Amino acid sequence: MLTAETPVVAQPAFTPCASRFRKAGLKRSGHRSWRIAALLIVAAVLARGVISTLVPLLPDETYYWEWSRRLQAGYFDHPPGIALLIAMGTSLFGDTTFGVRFGPAIGAIVVHVSIVILAARLAGPRAAVRAAVLGAVMPFSVLGLALATPDVALLASTSVALVFLERALSSPIRSRRSLGWWTLTGVALGCAFLSKFTAGLLPVSLVIACVVYAPLRARFTEPGPWVASAVALLLFAPVVVWNAGLNWISFRFQLNHGFGGEENDQDVFALVDKSGARFLPLCQVERSEVGVKELRLDTRPNPAPLAL
């Protein structure tokens with residue numbers, strides 16, 4: 001019998017049974033989030049398919065199509081990435097609009113899936129849904145990725161590189177698993193170099209992050225980043241050799257096109273703004289999901305969110 005002097009023992013907030021129900025609920029919520037993300041990816045694919053059907057090939061696309069009929073290690077204004085994508089499609093479906101845009105359409109799916117995976121890795125299933133929404137409704141994601149342009153190849157390879165990079169930075173330093181992910185990062189980064197010269201901004205930004213943020217500096221002591229760099233440069237080497245034999249024509253054109261010259265009336269700020277728009281689908285994932293809470297890394301073992 002309880003008396004006035006009998007102490008009342010507080011019950012735990014969750015019993016083992018309640019905890020199991022809570023975990024089951026979270027699991028069901030995670031599955032639902034992945035189903036929603038998958039539906040949004042499919043919806044975006046259908047939307048781009050409709051646009052691709054209704055819009056005839058644009059002059060730039062026919063220009064890159066002509067490249068694909070004469071494959072080589074470089075071209076006047078870009079590396080050969082988009083030409084390889086178009087050649088893949090036309091080899092399967094012939095010289096048709098569908099054939100020209102098939103390879104870039106696969107690249108667009110890779111972009112969408114990659115940003116969803118990256119958001120899930122950084123901030124959970126709900127973040128994955130939000131990333132899927134962004135990939136389905138942003139004008140550049142729907143309209144720009146429906147066309148056969150170098151930006152599709154660049155974003156596809158860059159987004160895959162970011163997924164591999166996050167896994168590398170989340171792995172124990174100097175481990176075999178870390179080396180494997182770094183190697184895959186190098187392959188994806190090399191493909192980005194083959195797509196567009198602005199891909200060089202990614203390794204530069206990563207080096208800055210490793211220098212500025214102390215927990216990342218130890219990565220310079222493991223072989224992974226150096227192996228990734230070697231792999232990426234090896235893949236990019238044919239472009240360099242091709243340009244060297246033609247008086248560096250692509251590099252000179254892009255420098256003149258981007259930072260001055262008679263053909264260009266844009267200033268540097270306009271160039272940065274235009275280049276930033278191409279990376280907007282990836283940047284929006286980071287801004288919307290990582291945020292201030294995810295960047296409080298001083299007490300967390302995984303520095304990947306800040307690096308990305």
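**Notes on the helix packing**

1. The axes of helix 7 (residues 150–170) and helix 8 (residues 176–193) come within 8 Å of each other and cross at roughly 165°. Axes here are lines fitted to C-alpha atoms, for helices over the stretch in contact, with angles running from 0 to 180 degrees between N-to-C directions. Helices are DSSP runs (H or I, at least four residues), as strands are (E, at least two), numbered from the N terminus.

2. The model is predicted: local features require pLDDT of at least 70, side-chain atom pairs count only at pLDDT 80 or more, and totals for chains, interfaces and linings use all residues. Residues are numbered from 1 along each chain as its sequence is written, and side-chain values use heavy atoms, with hydrogens and water left out.

3. Helix 7 and helix 8 are therefore roughly antiparallel, a term applied to angles over 145 degrees. Their crossing is left-handed, that is, the near helix is turned anticlockwise from the far one by less than a right angle.

4. The contact (heavy atoms within 4.5 Å) involves residues of helix 7 including Leu-154, Phe-164 and Leu-165, which meet a set in helix 8 including Trp-181, Trp-182 and Leu-189. The residues of this contact divide into 14 nonpolar, four polar and one charged. Ala, Val, Leu, Ile, Met, Phe, Trp, Tyr, Cys and Pro count as nonpolar, Asp, Glu, Lys and Arg as charged, and the others, Gly among them, as polar.

5. The largest nonpolar core has 18 residues, and Leu-165, Leu-169 and Trp-182 are among those with the most contacts inside it. Such a core is a set of buried Ala, Val, Leu, Ile, Met, Phe, Trp, Tyr and Cys residues joined through side-chain atoms within 4.5 Å; buried means under 20% relative accessible area (1.4 Å probe, protein chains only). Helix 4 (97–123), helix 7, helix 8 and helix 9 (201–212) each give two or more residues to this core, and helix 7 gives the most, with seven. A second, separate core of 11 residues includes Trp-67 and Ala-153.

6. Leu-145 lies in the loop between helix 6 (139–142) and helix 7. At 3% relative accessibility, Leu-145 counts as buried. Beyond residues up to four places away in sequence, Leu-145 touches Arg-48, Pro-104, Ala-108, Val-111, Phe-140, Val-152 and Leu-155.

7. Overall, the chain has 16 helices and zero strands, and 43% of its 308 residues count as buried.

Notes: Parallel < 35°, antiparallel > 145°, perpendicular 65-115°, else oblique. Buried < 20%, exposed > 50% of the residue type's maximum accessible area, 1.4 Å probe, protein only.
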